[in-house]
Amino acid sequence: MDELLARVRQGSRRAVARAITQVERSDGQAREAVKYLYPHTGQAHVIGVTGPPGSGKSTLVNELAKSFRRRDCQLGIIAVDPSSPFSGGALLGDRVRMRDLSGDPGIFIRSMASRGSLGGLARATAAVVKILDAANFDVILVETVGAGQAEVDIANMAHTTLVIEAPGMGDDIQSIKAGILEIADLLIVNKADRPGAENTVKALRMMLHMGQSTRVRHHGREVQAAATGDAAEDPQWAVEVYKTVATSGEGVEEVVGAIESHKAYLKESGEWSARERDRSRQEIEQLLQAQLLAQLRAEVPQAERERLIEAVAAREVDPYTAAGRLLAWIKLET
Amino acid sequence: MEDRKIRVLVAKPGLDGHDRGAKVIARGLRDAGMEVIYTGLRQTPEMVVEAALQEDVDVVGLSILSGAHTALVPRIIELMREREMEEVPIFLGGIVPTADVETMQAAGVSAVFGPGTSLEEIVKAVREAVAGREDKAGG
């Protein structure tokens with residue numbers, strides 16, 4: 001594995017692809033890879049792209065990628081699609097929209113199935129981002145499964161989160177999910193040439209305006225929303241609405257400009273480090289949960305678990321007590 | 001926790017514009033629990049191999065209805081070799097005249113599936129091809 005990871009650091013595409021497969025396959029491999037590569041991560045600008053199916057995410061990612069390449073960035077793209085809850089399989093078709101990017105050695109595209117994870121990302125996505133980071137990609141675009149809900153996972157993982165909406169998808173103010181304001185750094189109305197686009201833009205701008213005089217939870221932290229006229233003292237990021245027509249490329253340059261401004265803002269304001277701390281906190285907690293559960297499964301005999309489940313189902317023991325008994329089995333290492 | 005999934009590339013190289021068959025296969029493989037990367041139409045050999053490399057697939061599936069397999073398949077195999085992926089099995093489906101099947105196999109195609117091949121047969125063949133590789137690699 002070390003040899004493979006050394007080649008990842010050199011930027012070998014084959015090694016990157018193989019390493020990604022390894023971390024998807026097992027938590028143990030993911031642990032090894034992250035341990036080795038982590039000191040060499042932290043440079044890449046991670047951009048999350050989320051939005052409902054049909055909003056044109058992949059087409060927009062295709063255009064964003066071309067624009068980043070014109071700025072000479074090495075670009076990694078992770079496209080996450082849902083796994084079937086029944087068969088466990090997945091149809092990963094995002095590459096279909098990105099044919100313009102093929103043949104460009106500066107772009108690496110990987111399709112990932114969610115493999116049962118909720119929240120828009122696969123469990124291994126964080127590790128995959130680190131692989132691409134360590135392989136010297138400047139920008140990593142993560143396109144998530146977006147149901148139009150607040151995709152919290154991506155907001156935690158990305159430095160800059162783009163939320164894409166399309167007109168005519170229930171775009172009056174009641175149906176736009178309030179949660180997107182908590183995660184979006186940029187709001188994009190794609191397919192802006194369609195009827196209803198202006199209404200969608202207006203509705204989004206109204207929602208942003210309504211949120212402005214209160215303290216807002218943004219990316220899970222309380223920040224004073226940017227009120228007009230107060231900007232000078234405490235530079236905040238003002239979330240704005242952009243219009244794009246991904247199929248023609250219209251509006252894409254402005255979006256990329258805004259993404260770069262956001263990066264500059266994060267660095268200058270200290271938010272980049274603040275988010276790194278938040279991300280680290282979240283990630284440790286997630287790994288802790290997974291490891292505790294795994295340890296529980298390893299240490300509690302199957303028979304004992306089954307016995308407790310039966311007891312709870314038969315109303316002999318309540319679920320809290322059952323969980324407490326299982327917890328008592330874990331021998332914490334001191 | 002172990003999570004091993006079979007990853008299959010389903011590609012349509014060349015100018016062939018009919019993808020219903022490929023999509024049926026792609027969905028069938030998904031329903032069999034596999035992760036299928038579908039490339040879409042009009043792929044050049046370079047695009048097919050690039051996708052196979054980046055997605056680190058276990059099997060490459062080519063769907064060619066246009067008769068261009070004699071030109072496209074050897075080129076794809078050559079590129080796979082150049083990228084050190086000669087061990088990845090290649091399955092060919094679509095319209096392949098019986099006379100060409102042997103030539104294709106000699107060129108390096110693991111299996112040729114004509115129209116009317118059942119989904120079960122293809123799923124089984126993919127599973128066997130993957131198991132075969134893992135045996136060779138020592139598990």
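Trainee: In what order do the strands of the open sheet of seven strands in chain A stand?

Mentor: This is a predicted model, in which local features need pLDDT of at least 70, side-chain atom pairs count only at pLDDT 80 or more, and totals for chains, interfaces and linings use all residues. Residues are numbered from 1 along each chain as its sequence is written, chains are lettered from A and ligands numbered from 1 in the order in which they are written, and side-chain values use heavy atoms, leaving out hydrogens and water. The strands (DSSP runs of E, at least two residues, numbered from the N terminus) pair, with at least two DSSP bridges between two partners, in the parallel sense, and their order in chain A is 4-2-5-1-6-7-10.

Trainee: Which strands stand at the edges of that sheet in chain A, each with a single partner strand?

Mentor: The twist of this sheet averages 20° from one strand to the next, the angles running from 0 to 180 degrees between the N-to-C directions of axes fitted to C-alpha atoms, for helices over the stretch in contact. One side of each edge strand is left without a neighbour in the sheet, because each has a single partner, and these edge strands of chain A are strand 4 (107-113) and strand 10 (240-243).

Trainee: Which residue in strand 7 of chain A is the bridge partner of Ile164(A)?

Mentor: Strand 6 (residues 160-165) and strand 7 (residues 186-189) of chain A run parallel and are joined by four bridges. In strand 7 of chain A, the partner of Ile164(A) is Ile188(A).

Trainee: Which residue in strand 2 of chain B is the bridge partner of Leu91(A)?

Mentor: Six strands form an open sheet with parallel pairing, in the order 3(A)-2(B)-1(B)-3(B)-4(B)-5(B). Strand 3 (90-92) of chain A stands at one edge with a single partner strand, so one of its sides has no neighbour in the sheet. Three bridges pair this strand of chain A with strand 2 (residues 35-38) of chain B, where the bridge partner of Leu91(A) is Val36(B).

Trainee: With which residue does Arg7(B) form a salt bridge?

Mentor: A salt bridge places a side-chain nitrogen of Lys or Arg within 4 Å of a carboxyl oxygen of Asp or Glu, and the structure holds 32 of them over all chains. For Arg7(B), the closest N and O atoms of the pair are 3.8 Å apart. The pair joins two chains, because Arg7(B) lies in strand 1 (residues 7-11) of chain B, whereas helix 2 of chain A (helices being DSSP runs of H or I, at least four residues) holds the partner, Glu24(A).
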